Each structure stands twice: as structure tokens, then as C-alpha cells.
Amino acid sequence: MRNRNIGGLAALLSLAGCIAGSALAQTSFVAFESGPVRPLALTPDGSTLLAVNIPDNRLEIFDVVSGSISHRESVPVGMEPVAVAVRTNGEAWVVNYLSDSVSIVDLSSPAHVTRTLFTGDEPSDIVFAGTGGNRAFITTAHRGQNSPFPRSEYNTPGVGRADVWVFDALNLGTGAGGDALTVVTLFGDKPRALAVSPDGSSVYAGIFHSGNQTTALVEPLICDTSTFNLNNDIVQGACTVGGASMPGGIPLPHVNHEDEVRPETGLIVKLNRDGSSPGIWQDELGRNWNNAVRFDLPDLDVFEIDANANPPVEIDNFASVGTILFNMVTNPVSGNIYVSNTDAQNDVRFEGPGTLASTVKPVGEPATVRGNLAQSRISVIDGSGTVTPRHLNKHITYSDVPQPVGVEDDSLATPVGMAVSDDGTTLYVAAFGSAKIGVFDTTELENDTFVPDSADHIALSGGGASGVVLDGDRLFTMTRFNNSVVVVDLNLGGVGAEVQSVSLHNPEPQSIVDGRPFLYDARLTGSNGEASCSSCHIFGDLDSLGWDLGNPDDDVVANANPFVGGGGPFEFHPMKGPMTTQSLRGLANMGPQHWRGDRQGDEVMAFNAFNVAFPGLVGRDEGEFTTVEMQMFTDFALQLTYPPNPIRQLSNALRADEQAGFDRYFGANTDGGTNCNGCHTLAPVNGFFGGDGRSSVEGETQEFKVPHLRNQYQKIGMFGMPSLPGFLDGGTAHTGDQIRGFGFLHDGAIDTVRRFLNPFTFSLTSTERDELEAFMMAYDSDLPPVVGQQVTRTGTNGAAVDSVINGGITLASLSYPSERLGPGATMCDIVAKGVVAGEARGFLLDTGTGNFQPDRVAEPQVTIATLRSFTNTVGQEITFTCAPFGSGTRMALDRDEDTFFDRDELDVGTDPADPNNFPGQCGNGVTEGGEQCDDGSLNGTGSSCCRATCQFKANGAASCDGNICTRTDTCTAGVCSAGPCADAQACTSCGGVCEDTGSECVCNN
């Protein structure tokens, strides 16, 4: 195949363009910004390193040789793989965040997926534990089409919403997606990280958005401040609301620096805020708000599961570990658990310089959260169950402006992956926002005697450090910003130094790569080295908290936004009260931003207007970014996309109550003179999912933008509110333990959608409210619910999976109106991947013919029956995936999108993961067609025996008789002549033959 003629290559190029053209014209990459959890794993024998390639949906396999790594092969798995764990030297399991699946990979060459297991929504981590280490534990949300709880029990109070799926690796079951041994439900929100006790008998699961015992009180619960008290800077005293006594009004200040009176707002309170009032919900003044909070938040963060029990069960839990829990690891000697986390300071009011607030806030109360959004920590859980948090950046004095020189150098931001040395004395911490690995003496960490010091940090060439794997005196990590695997020599540079970085193929647009650091990089975006936008927008999403980020030192500005039905003029007061963190996903087509729309203009102008938050909130002493820099962040953020709705059925059909809610949504007027769609526009073809950029006049103390409704299912878990006659129906008794302190509405103070749909505001019966709530949970999104779903057909499970495959093929031909996917979009592109006749192959469904196009362009299409027949041979299992419309060609046939199909490139020796390396190109390093030689970039130089035209120079030419022996050359007395060498190396007068060892060209004498 290497001697394919140029005419044949030209024909291949033409045909490839013809077949792939329509798909390539669509958006071929969808940015989900899934956060890495366990991105690296090492086989027990230490010979193979595995890395998940999140954007490319692959598992990358490296040989570990002589202190370095060499890429061996790449295996397609599910979409957005975030974790990998090794069960044996020959088998790895990969967790696919978007596909709701686990890929079981046979690592023997060619490596391939042998089975796909179904899980709940957004699986995040995996470990093996239990007797023999053959039980797989996987964290997922308590919802999803494959889950026993597909609708998340969204209307059931007091239930856990964190699931750990357990599979027996030796008995996966006969179901299409395997049969779980059990699903352990934990009393928390969605879980993320897992760890295993040294003896393998216990598994520890950490809650991702675990909260910090804060909650929001809705504005009518706060006593209105009288005119006299407003004018005289007096905090309003107690009042009665709904028959219950409330302690008073909003704390000072009552005006901004212009003396403009603030609006009445809600209030954020924290349980035992002062540290000496257990059981009391308090504000910054220490007032008791227990009458306003009708539930408890036990704040259970880490759970222990008996891995040996039949089936595994929860046996213990640990509270108050952190607000956002990223990862966990156990000390192999002591058994202590280390939890990387951040602790949010959302109970502190105000952003900005804090000038005015500092004059009226209580003594010791921070005037602002500027630069102190979420403190990076490692919490230690010892054998007695005691939780001890350790602030990694205790050297920071947050009130210092500007920050002293050297402070950010000693800081670590967003601690994620960790590893402990075999002797238990050293903890390595990957700081995602710092481009560093922190190195800690475990005794000093536990005793809090460590001193933050950049001398104890391993600097990395790329940002976004995530997983950490130890192998003797080597450390492996990943740097997400440049999508690379890094090798660190721990014997260099005091605590270690980077010695190798290997880039993984990245299909992301360059604008995504360029803009990502503005979200995470604490050194770039702040000044103390800890704070960044991702302190609250966790991996581009939300943190499930509310914040009062008003700024008394800011000005009142005019509200020029469009309103439903008109109205105005209106203003934005800078003291806006509590607002829940909004996701950066789905901002395109949404117009003004923030809950009130106070970032005005279209979505580009609005996001660029956030530039002020870098000095005012993140704490960047250097001020705002340049217009060009801020546009880079904007370009990145506007591409972030919501995942498919996990509550909606895979067919996209609505259940009976959801359909009734949909009909009501578009039906008779329910809110004054309009129906639900009159304000909350649902028009997917225009990119509108409940909001179209307009605001509405609701008679509240402030006017708000009409919000989108795509992510209501993420906000379930807060049940219980006091009675508010005329505003909320009924009143509820104390509801007991719940898992969330923030729910719905701008401030998160409404516990359920059903309660929001109250009789005072909406003309609805009780049944109609139930139905509308059901529809809200299954609300339309940018992508169909089937996107990402996958199944593997083997020689024995055809009866179970064929109906799943057939259903996917049917859905792939159905239209799905979507501004995000473009004109002509269908539910998905069907991608089939596997090994056939010893070769890695890809196939893409052609919905016009019903057959599959192979990744050799000249091969005829194959039928589904043919693909099924391949799987009858062991090792030829085929995995079918519903890829986003427009991504299928890239994922199935042309990985680097250079219009040359993958197998065609492999046939001639070019790289299907390098768009600059393709067939028929002189200078691509592959001798093909009419070429005599091809030394890549060396062609035509004095160090190459190959001309720029890929023809040999004359033997013995001046440029060829010293220093370099290239492919097809023999080194004889320092002169190059024909021979087998395959790589350029120095040619000496050894008189021997240059031989190819596979990694270098050596002179063998």
C-alpha cells in the first residue's frame, strides 16, 4: 500500500470529500467541558500507562520504558471519558461521563472494547475493591435513562441523590448493558470521587456539590425596612410573617455609595455561622433564623461502603468535609483519607473593594469576597472518623490589595487528583488552576505545620494538572489545557521536575483551547494564586450555591433590556441580594446575562461585560483584561453546551404527565394574559429553551430576565418552606433532613417547581401543577436525549442488544430542530467502532441507504447484518454510539478531519490523528507514491539525503557525507548509501549499518 500511485490518492481525496462533505460542513465538535476525575492509570506490572482523552473520546495507551513513555495505540471508548481504572495487566475500565457508560477495554494489541456497561447519569469515577478486587464501584447521579430512578424521584423529599453502581467483573450479566450487582444510594447530591481502603474492604465515595450548610431565605421572609430606618442606618427589628416571628430586616448598608436605597431582597444564612451556635441558622449579625428554615442540612460529604458485603452497603458517613469535593485518596500506611476540596465563602456578602461595607459590617466580618471565593483545601479523615480540613493557602491575607509579591507563587488553586507514596510519607496534589503539583509531607499536612512554599511545587509546562500516578521515582500527570500526558522525574529539582510531555490529539477548535485558561488559571486571572472564575463555575457549570455579590461601591445603572410586553424605565441597583450561580453552558442566543440581565446587550457584549469581575470579584490587581483577551474567554464560553436531558426518554417522547404539562405550557393562558410560552419561549430551532433574552415585569422588588429552563433537574433536593400566605400555597411542617440548601428562582429560595407554580401567581389546578413540573424536569435541550448513548455487541449478547442498536438506527433518521446542531439535524449520527481482521476499524451509518460507510473510502458500504456477523468472532466486538449530529464523520471515519479516512491513512503510513500528515504529501515523513525518500521537515537540508522533491540526492554528495544517516541509508566510512534505517541519526565512520531499533537509529558495528 505504500506504493499507491498519485492518481489513486487523488481519487481517494476526491471521494472522501464527496462522502464526508455534508457532515464536515456541520459543527463537528460539541464542547461539554467535562472535568477529569481519574484520567490516568498504570498497569500492575508498570509496563503500560493509560490516559483518557476527554475531547477525542479515546483511551490512549503508552508503553513505559526507561523513564519515559511512548504512545502505542488509541482506543475509541464512550463520549467524554473522565476516569480509567485497571483491573489486570490486560484489562482497563473507562468511565464515559456523557455516554452514561463504562467501556471495558482489552489492552492486548490491537486494543479494543469488549463490553459496554450502562450506568446512571454522568458517571464520574471507578475503583476496584472487595475480595479479589473484582468488584467495580462507579459514581453516578441519581437519575438517567439507564437508572432504576430514571426520573430522579424529583418530587420525593428526604431521599439521597447520589448513587454508586457496583458490578461483579467476573459476572457482568446478560443484559444489554450488563447487570449491576447493586446500586447503593447515598444521602447527598451527585457524587464524584472514590477511594479504597488499603485492605480493599471499604470504598469511600465523595459528594461533588456537597454544600456547606448555607441556604437562601426568600425576600418576603425578611422584614421590610421602614423609611425611618433606611434613612438612619438602622437594621429593621423583628416582625411576623405567616404567623412566625422573623428576627428582622437586611443588615447594613441600606444604600450604595451614591446614597441610592437598596431594594428589598432575600438573605443567605448559614448553620452555626459563628461556630458557637449549633443548630442555629444565622446571618452575619448572628440572628436566629430557624423559623424561616423548615428543613435540616446534615451536610454528609463522604460515605463508607462495605465492599465485601453481599451486596455492598453504606456503613458510615462523614460530615462537613468541604463544599466542592474533587477527589480522594487513602494513605496506604495509616489508612487516613485525604479529600481535595474547596470551601465556599458564600455566606459573606458583597464583591468589589469593600470600602463602604467595611464601615458598617460587624467587627471581624469580611467586607467583601474579592479574591476569597473558595479556599483550596485537603481535608483529612482519620481512623476515628474525625474530619480535619487543612487550608493549602493559609499564607494568603485576603484583605491585602495589592497582594504582596510571591504570594501567588506559593499558592495552589483547585486541588484535584492526588497520590500518596508507598511509604505513606508524601502526598502529591495536582492543582488544576496552577500548572503545578504540590508536594506535602503527610505528617506536616495532618498536623497543619506545613508552610506553603513554591519550592515544594513541581512546575508543569501546561495548565490544568489533573490525575497523579506514582511509579517509583517517576510521577505521571495530565495537563488538560494542552491535553498532554506528562512525566516527572522526582529526583530532579528538589521535589521533582518535568522531563517529558506528550500531546494527545485534540479535536477542539483552537478558540476552545485558547479561551480555557481564562476560566481556571488562578495566576492569570487573579493575584493571590487561588481564586478564579472556576471557583464558582465548576468545570464551566454551577456550584449549586447562592451568593450575594452586590457591590455597595458600584453605581446604579439604567436597564435598557427588552421586556415582554414593554415597560420601564427600570434600573439595576448594585446591591442586588442573593443570586444562585448560573452555568456557563448554553449562553449562546440568550442575550443579556446574569439573573437580572445586568450584563446587557447580545450574548457577546454581555459576556465581555464580565471583564469587570476579574478585578472586582476574582481579585486581579492588574485590572481588567484587554479587549482581545476578554474576547478569547467569550469565544470559549459561548461554545459550552448543555448535555442531553437525562430525565427525558431516549426516544425523545414525553411520558403522559410530561405531555400534559407540555400541552398546558403552550395551551390556555395561565399567567395573566399569556401562557407559559408567552414568557418562557421554547423554540429549539432558534436556540431558545425557556428564555429568548427578554425580561419580564412581575411586580417584584427587582425586575429579572426570563431564565432558560434546561437544567431544572439539577436543582432537586431542597424540600420545605415556611407558610407565606398569598405567595406560596399551603405551608409546610419541618421536613427533616434534605440534601440541598438552594433550589429554584433567582435566589434558590423556592424549594420545588410545584411550589413556584402557586395559585396566587398562576391559574392552575393541583394536577396541572404536577404535570407542568413533570414537563419542567424533562424540558427540551440543545441535544436529543439519545446523544452519547452506546452499546457493544458481542458474540453472545446479540439477542439483548440488537433491539437497542435498531432503535438507535431508527432515531438517527428522525429530525431534531436545533440551532446548535444546524439545519437538517437528526437525533444523532451512528458510529460503529471495533477491530475487524486484526485492524481497528470505524463505520458511519448512512441514513440514506441504511448501510454503514467504512473508514476505507473505496470499500463498499456494509450492512448492519455484516457488522453483526463480525462480532461472532471473539475480539471483533463492535461498539455502536449515538454521536451528536455532525460529529459522526470525525468520530467514525476521519479523526483529524483532513478529508482522508483513518484506515486509508494507516494503510500508507500517515497519521490519522495529525491533519498536517496525510497521504500524497512530500514532507510528511512517509515514503509513498512516486517518492524515493521522505525525511519530513529535513527534506532538502544539508542534514538529509533526501531532496525537497522527495528524490534521493546523489550518493556521496557533500550534504550526505557527514553527520546524518537517514531512512534507506547505510553508514559506511561516514558516507550514506542505501540501507534499512528508518530514522535520522548521526552518521559516524563506524563502518557499520544504521539499524532501526523501533525508537532510534543506531550504528551497529
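Student: Which residue in E14 does Pro191 stand opposite?

Tutor: Pro191 stands opposite Ile207 in E14. The model is a predicted one, in which local features need pLDDT of at least 70, side-chain atom pairs count only at pLDDT 80 or more, and totals for chains, interfaces and linings use all residues. Residues are numbered from 1 along each chain as its sequence is written, and side-chain values use heavy atoms, with hydrogens and water left out.

Student: What makes E13 and E14 a pair of strands?

Tutor: Strands (E, at least two residues) and helices (H or I, at least four) are DSSP runs numbered from the N terminus. Two strands pair if DSSP finds at least two bridges between them. E13 (residues 191–196) is joined to E14 (residues 202–207) by 4 bridges, and the two run antiparallel; therefore they meet the definition of a pair. Their hairpin has 5 residues between the strands, and there Gly200 takes a positive phi near 75°.

Student: Why is strand E13 called largely enclosed by the rest of the structure?

Tutor: A residue is buried when its relative accessible area is under 20%, exposed over 50%, and partly exposed in between (1.4 Å probe, protein chains only). In E13, 6 of the 6 residues are buried, so the strand is largely enclosed by the rest of the structure.

Student: Why are H10 and H13 called roughly perpendicular?

Tutor: Axes are lines fitted to C-alpha atoms, for helices over the stretch in contact, with angles from 0 to 180 degrees between N-to-C directions. Angles under 35 degrees count as roughly parallel, over 145 as roughly antiparallel, 65 to 115 as roughly perpendicular and the rest as oblique. The axes of H10 (residues 656–666) and H13 (residues 766–777) cross at roughly 100° and come within 7 Å. H10 and H13 are therefore roughly perpendicular to each other.

Student: Which residues of H10 and H13 meet?

Tutor: Contact means heavy atoms within 4.5 Å. Among the residues that meet are Phe662 and Tyr665 in H10, and Leu772 and Phe775 in H13.

Student: What makes a set of residues a nonpolar core?

Tutor: Such a core consists of buried Ala, Val, Leu, Ile, Met, Phe, Trp, Tyr and Cys residues joined through side-chain atoms within 4.5 Å. The largest one has 58 residues, and Leu217, Trp289 and Tyr665 are among those that touch the most other members. Its largest share, 5 residues, comes from H13. A second, separate core of 43 residues includes Ile458 and Cys533.
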